[in-house]
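I opened the model to look up what surrounds each ligand. My notes follow.

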Amino acid sequence: MKNIDPNHIAIIMDGNGRWAESKKHSRLWGHIKGSQTAQDIVEAAINKNISYLTLFAFSTENWKRPVSEVQFLIKLLERHIKKRKADLLKQNVRVLCVGDLTPFPDHLKNELSDIQKATSKCTGLTLIFALNYGGKQEILQAAFKAAQAAFSSSSKLTSKEKFLELFESHLEFSTIPDPDLIIRTSGEQRISNFMLWSSAYSELYFSPKFWPDFSKQDFFEAINEYSCRQRRFGGLKHMDPIKESLA
Ligand code: IPE
Ligand code: IPE
Ligand code: MG
C-alpha cells in the first residue's frame with residue numbers, strides 16, 4: 001500500500017558552489033541559480049498540495065565561509081524575498097522563519113518580518129526558511145529555556161514526560177509537524193546539523209543532482225519514492241489486531 005503524500009517536506013539545498021565550478025563560473029553564480037530552483041520547487045509543492053515545505057538556506061556553520069560569499073548570500077536572500085513577496089501572497093503561502101536572525105543586517109530582518117506578517121493569514125502552503133539555523137542550537141536553546149522555566153516556576157517538575165512537554169514547546173519547530181521526508185541534493189549523504197530532533201522518523205532521500213539542476217520532476221520523483229517506503233515508527237508492518245487489543 002502506498003503512503004499518502006508527505007505533509008511536511010524539508011530540503012537541504014546543497015551543491016550550488018560545485019554546480020557553478022563545474023561550469024567554470026564563480027560559486028556566487030551557483031547561488032543565483034539555486035534561488036531560481038527554490039522558486040520552482042515552491043511552485044511544485046503548491047501544485048502537489050504539500051502543507052509544509054522547509055528550505056535550509058543558511059546554517060549556523062555557514063558563517064565559516066569567506067565574508068564575500070556570506071554577504072552575497074544575505075543580499076540574494078533579501079532580493080529573493082522582496083521579489084517573491086507579492087506572488088507568495090497571491091499563492092496563499094504562509095512564510096515562516098526558523099533560526100537565529102539576530103546576526104543578520106536590519107534590512108534583511110525587516111524584509112523577513114514584513115513577509116511573515118503579510119502572509120500570516122494565508123492558509124495554503126506553509127513555507128519555512130531555515131536561516132542561521134542549526135539542529136544542535138535548536139535543542140540546546142529549548143533545553144535551556146525549559147530548564148529556566150522549570151526552575152523559576154513554583155510547581156515542581158514531577159516527571160520526565162512533563163519536562164519533555166516543556167522542552168518541545170520551546171523548540172523552534174514546536175508548532176510545525178515533524179518532516180515526513182527530508183531531501184538532500186548534491187550527492188552528500190549527511191544531515192549537516194539539520195532538524196536533529198524532529199527528523200527522528202523522517203524518510204531520507206538523497207539526490208545526486210546539484211541543487212541548481214534539481215527540477216520539479218526530481219521533486220515529484222522524491223515524493224513518489226517516499227510513497228513507496230514503509231514507515232513503521234518502531235512498530236511492525238502487519239499488526240495483529242488481537243494482540244493489539246490485548247496491549
Ligand atoms: C548550498 O550550496 C547553499 C548553502 C549552503 C548556502 P553550497 O554553497 O553548499 O554548494 P557546495 O556544496 O559548496 O557545492
Ligand atoms: C548544508 O550544506 C547547509 C545548507 C544547505 C544551508 P553545507 O554545504 O553547509 O554542508 P556541508 O558543509 O557540506 O556538510
Ligand atoms: Mg554545500
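I sorted the shell around ligand 2 by class and got five nonpolar, three polar and four charged residues. For the classes, Ala, Val, Leu, Ile, Met, Phe, Trp, Tyr, Cys and Pro count as nonpolar, Asp, Glu, Lys and Arg as charged, and the others, Gly among them, as polar. This is a predicted model: local features need pLDDT of at least 70, side-chain atom pairs count only at pLDDT 80 or more, and totals for chains, interfaces and linings use all residues. Residues are numbered from 1 along each chain as written, chains are lettered from A and ligands numbered from 1 in the order written, and side-chain values use heavy atoms, with hydrogens and water left out.

Ligand 2, residue by residue. The residues around ligand 2 include I12, M13, D14, R65 and S192; a residue is near if one of its heavy atoms lies within 4 Å. Strand β2 gives the largest share of this shell, four residues. Helices (H or I, at least four residues) and strands (E, at least two) are DSSP runs, numbered from the N terminus.

Next I checked polar contacts (pairs of N or O atoms within 3.5 Å). A polar side-chain atom of N62 is 2.9 Å from an oxygen atom of ligand 2. For the side chain of D14, I read 3.2 Å to an oxygen atom of ligand 2. The side chain of R184 has a polar atom 3.3 Å from a ligand 2 oxygen. Ligand 2 has 390 Å² of accessible area on its own, and the protein covers 78% of it; areas come from the Shrake-Rupley method with a 1.4 Å probe.

Then ligand 1. Its shell has 13 residues, of which M13, D14, R18, R27 and R65 come nearest. An oxygen atom of ligand 1 lies 2.9 Å from an N or O atom in the R27 side chain. Backbone contacts also turned up: G17 at 3.0 Å and G15 at 3.3 Å. Alone, ligand 1 exposes 380 Å², and the protein buries 88% of that. Helix α1 gives the most to this shell, three residues.

Where do the ligands sit? Ligand 1 takes space in the largest pocket, and ligand 2 is in the largest pocket too; a molecule sits in a pocket if more than half of its atoms lie within 2 Å of its grid points. A pocket is an open set of points on a 1 Å grid over the protein atoms alone, where a 1.4 Å probe fits, with protein on both sides within 12 Å along at least five of seven lines; lining residues have an atom within 4 Å of a point. I noted 35 lining residues, with M13, N16, F56, A57 and N62 nearest the centre.

Definitions and conventions
Polar contact = N/O pair within 3.5 Å; in protein donor to acceptor, adjacent residues only side chain to side chain.
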